[in-house]
Each structure stands twice: as structure tokens, then as C-alpha cells.
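Please read it with the coordinates open.

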Amino acid sequence: MSKQNLSNAELTMRDQVYGDNPLEDRETDHYKKEYISTFVDKWDELIDWDGRAESEGQFFIDILRARGKERILDVACGTGFHSVRLMENGFDVTAADGSAAMVAKAFNNAQSRGLILKTVQADWRWLNRDVHGKYDAIICLGNSFTHLYEESDRRRALAEFYAALKHDGVLILDQRNYDAMLDRGFTTKHKYYYCGEQVTAEPDHVDEGLLRMRYSFPDGSEYTLNMCPIRKNYLRRLLSEAGFERVRTYGDFQETYAEDDPDFFIHVAEKSALHLVRWGGTVAEGQEDIRDYTEDYYDSDDAAVFYSTIWGGEDLHVGLYDTTQDIRSASDLTIDRMIDTLPPLTKDSHVLDMGAGFGGAMRRLVKKTGCQATCLNISETQNEYNLQKIRQARLNDRIKVKHGVFEDVPFEDASFDVVWSQDAFLHSDQRNKVLAEALRVLKPGGSLIFTDPMQADEVNVENLQPVYDRLRLNSMGSFRFYREAAETLGFETVGLDEMTHNMRAHYARVKQEIEKNYELLREKGASAEYLDKMLVGMDHWVNACDSGNLAWGILHFRKRA
């Protein structure tokens, strides 16, 4: 018998193999004696592919698409559920697993659905020996990482994942909520992961070093798995120490959760990458790319709490206050005013929102007009919140989300009927390039419509330094700048609707709401330092409006046919 056949003995084994005391079987390689063919053949009863697909929805698909990831390595493919789903949605997938029985079952499952799945048997600790090339994303799902008992094995596996990713790659890794299990005992909603209604999955034993799960099937058969109960924050630390730059954790596909509530945690870890590579171009030595600051600012916990609380979690732009003092209602009035300014939109119209924030404008626009929309935004925190809201509104088929910058729009020429933006262009110090990109992706006759906090046409910029400092700006646009720049590029001006008094009213209202909700914001996680700086910043903006140094309104340009 060959060495390979010996190493894949699980293909012919009929019974799981444990030592005299199964609770002492705590070795990483032991999984091969557990995932025998008879157990693997029943695995899909436990998962229930249809139930699992309904429970998790588009979560993983949306996260990968929003980041522009196409080439995916599923390192714990199991029987192929996620690999097949991703293939069916257009991703280029390679499926890997340490268990030969799982790899064979995954291939057969894909084949039964008319797909040829690229498969490879690979141990994570030597992943790059068996899997070649670089991937946009790696997924490691199904609580698989907890088959690693030794910290050295975990660090080795994460290093292999890191090495197999492209410079801007992302790792998505999940785990059971072992914190709750260890501290308060086992409970489960049995809602998201193991959806087979006739199958039970419950622990026989739990301690800090071992979880022994028992799986019982309708025909009376039972199987067990030994795993290491890794705590959430420990795994987050390992991810950071492996070099991943930002780690975001979800509980049962939600970004906010009670620590003891979810059955599973999902970690989305971004590989370290130079912003210079991510955004393209160069900056002078010692200078900061404003996009780096913008992304970090809007991805911060402070900003997420502040904007979602004060603006109601829909958007974060200036509203119209002539008939209301409510920030949420005023924000909607701006959207409605912009919609009314545009030519009628139909179900075949396609709108690009450059700097979409939480995406509320596009959700409102699509609901009102039936058009298609794409949200381009630099903050992945906001993008993932937006995706969640899109799923809840059942608008997945009408709205897409893309992570990126508007100086380098990742879409083809003449792709959109309308380019839309609200109070976002100020975050770019290359506004000519932003306008040029809008022109490029617009169809002939298409509209560019946007709002932006601007400086007055005639102003001493030294008077605006406190305003610049709040968002790390080094310049602002103006009505005259945008009109001249747009017309030079080839736009024609449709209308410039100056409404600076609304910006003054808006920042005054925001300050009032911060003061009113200060303690609530602190309870939700916003720091006192952030909120205090925000209060000072609001005063600077209000004073600059009162001094005639700022401007705001709706600007509408048309690409010549």
C-alpha cells in the first residue's frame, strides 16, 4: 500500500478511531480518524444546504463582491457548500481540505450540480506546498480552525494563509462562540450553521482544552468530533499578530451583537498592504494620502457609532431644514430634491453613488424609481453595514456595493446614466480627477449630480484652517471651481442650486444632538475625546458659515451627447 493511501485511510475506515480515553485525543492530526467516509456521507444532512443558504443569505458573497475579490481559496471546503455557492455566483474557486473523504464528497456534490470544482487535499500547515499562486480571498469556515490544538500549529496555518493571499487579500474565518459555552454552558438557536432539522449536535464534554461534540442522525447513527475551544479575543489577537491589518468580527452575520448571544463568530481579516499600492499613484515624502486618513476615520468605531446614532444609520449628508428640524427627515429631503432635479429614472437606469456612506440615498432612490444602483465607498465598515441594510430591504438584485476610491472608479466607460454623490468629494484632493472619472463612466447625455461642503468663491483660506483640520483636509472645492473644472472636461452646466443656509442649520443641529445624546454615544462606544473634538468642530463649521466663508448646494452637470 502506498504512503498516500496510508495517509488517506479514512476513505476505507468504517468506524471512527479514538484512544482508550477519547478525552485525551487532543492532537491536530486526529481529525483524519474522525472524518471517515460514513460520517462524511451524512454531513450534508447536518448542514442542510437549502436551509443553510437561506439562513446565511448573501453574507459571504456580498463581503467578497464589495471588496472586488474574485479568486477564492476555500481551505476547509468540507462537502463543498460554500465552494459551490461561490462558483454558482461567478467566483473562481479552489476547494481544499485536509480530509480526502471531504474533498471527494465536495467534488461529487459540485458535479451533481453541473460544476467541475477544482479540488486539492492540503494540510494548512504546509498549504503553499500543495496550493500554488496567490488568491484574492481565503475562507476557512465551518468551525474548522478549531481542529488545531497547538498554538504553534495555529500560527503556522495563519502564516500560510497570509502568504497565499495577494497584497490586499482578505481572510474570512469562523468559530463557535466558545466563550459563552465555556463560561455559561452550551445553548444554541440551531438557526444558522447546522440547519438539518432531524440532526442534533451537542457537546458530550467541554473544558478549556477540549470540546467533544456528538452528532446524532435519524437512523440512530452517532459520530463525534474533538475540537479545541478557542476564545474569540484570543483568535483575534492571533490574526493581528500574523500580520492582518484590520479584523472585524460578526456574530451570526450581524456586526453588532451581545457577546453571549451568537452561536458563531465570523472574523473578516484584511491583509496588511501599503496604501500606496492600494490606491495607486504617489505622495511626496512626509505627506499623507488623504484617502488613508478618510478610510481610517470612517472605519473607526467612534465614527461608526456617531454617524449611525446621530443620522439614524441611513446616511451622513447635509439636509434641508426649511420645513423640519429633524436630521433624519432633512436628510431625506435632500435626496428627494436631487431626484426631482434629474430626468425620470426607470428600471433600466443605472446610478453610481460615489462615496455612498451607509447607502441610504441609493436605497431610497431605488425604492422610489425602481432603478439599479451601485454604491462605491472607501469605508468597509460602512459598506458592510450598507450590505446588511440592502439585504434587510430585499434590494440585493437592484443595489451593488463596491469598495474603492472615486479617483480610480473600477467600472467601464459609459456604464452609468447618473453619477450621484453627497458631501463626499471634499475628501479628495484630486477633485479634477474625480470629475474626470465621473465623466468617463457616464453615458453620453448622462447626469452628474452632487452636493459638497465647499468654500466660498472668494475667501481667505487661512480663515478656514480650523474647518480643514477637522477632517484633515488641505483644500475644498467651490461653486466656481466645480463649474469651471466640469465645463473644461466636457460637461455642460444644468444647474447650481446654492443653499448654504442649510449647511449652517445642519451643523448647528448636529451639535445640539451630540450634546443631547452625549452619554448615549459614550455608552455605545464613542470616546469622549472624539465627541469633544466633534463639538468643537461643529462650532468651527457654524462660525465659518456665519462668516460667509463656506458654501453648499446641489450641483448638476450633464455629459454632452
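The points below go from the whole chain to single contacts.

1. **Ground rules.** This is a predicted model, in which local features need pLDDT of at least 70, side-chain atom pairs count only at pLDDT 80 or more, and totals for chains, interfaces and linings use all residues. Residues are numbered from 1 along each chain as its sequence is written, and side-chain values use heavy atoms, with hydrogens and water left out.

2. **Overall make-up.** The protein has 23 helices and 19 strands. These are DSSP runs numbered from the N terminus: helices are H or I with at least four residues, strands are E with at least two. Of the 561 residues, 58% count as buried. Buried means under 20% relative accessible area, exposed over 50%, and partly exposed in between, with a 1.4 Å probe and protein chains only.

3. **Surface and contacts.** Among contacts with a separation of 6 or more, 72% are between residues 24 or more positions apart. Contact means heavy atoms within 4.5 Å.

4. **The β6-β7-β8 sheet.** Three strands form an open sheet in the order β6-β7-β8, with antiparallel pairing. Two strands pair if DSSP finds at least two bridges between them. β6 (200–207) and β8 (222–227) are the edge strands; each has a single partner, so one side of each is left without a neighbour in the sheet. Neighbouring strands are turned by 20 degrees against each other on average, direction ignored. The axes are lines fitted to C-alpha atoms, for helices over the stretch in contact, and angles run from 0 to 180 degrees between N-to-C directions.

5. **Bridges and turns.** Seven bridges join β6 to β7. T200 has S216 in β7 as its bridge partner. β6 and β7 form a hairpin with two residues between them. Six bridges join β7 (residues 210–216) to β8. Here Y215 stands opposite Y223 in β8. The β7 and β8 hairpin has five residues between its strands, and G220 in the turn has a positive phi of about 90 degrees. β7 is mostly covered, with six of its seven residues buried.

6. **D62.** Is this residue buried or exposed? D62 is buried, at a relative accessible area of 10%. Its place is in helix α5 (residues 59–66). Leaving aside neighbours within four places in sequence, D62 is in contact with L387, R391 and N396. The C-alpha atoms of D62 and Q388 are separated by 9.1 Å, although the two are 326 residues apart along the chain.

7. **Aromatic pairs.** The count comes to 23 aromatic pairs. Rings of Phe, Tyr and Trp (its six-membered ring) pair if their centres lie within 6.5 Å; planes under 30 degrees apart count as stacked, over 60 as edge-to-face and the rest as tilted. The F59 and Y250 rings have centres 5.2 Å apart and planes at 85 degrees, so they are edge-to-face. This pair links distant parts of the chain: F59 is in helix α5 and Y250 in strand β9 (residues 244–251), 191 residues apart. F59 is buried at 2% relative accessibility, and Y250 is buried with a relative accessible area of 2%.

8. **A tilted pair.** The rings of Y507 and W541 have centres 4.8 Å apart and planes at 40 degrees, so this pair is tilted. Y507 lies in helix α21 (residues 500–516) and W541 in helix α23 (residues 528–546), 34 residues apart. Y507 is buried at 8% relative accessibility; W541 is buried with a relative accessible area of 0%.

9. **Ring cluster and charges.** Ring pairs link F406, F425, F450, F481, Y482, F491 and F557 into a cluster. Two charge placements deserve a look. The charged end of R212 sits over the ring of Y18, 4.4 Å from its centre. K271 lies over the face of Y162, at 4.4 Å from the ring centre. A charge sits over a ring if NZ of Lys or CZ of Arg is within 6 Å of the ring centre and within 35 degrees of the ring normal.
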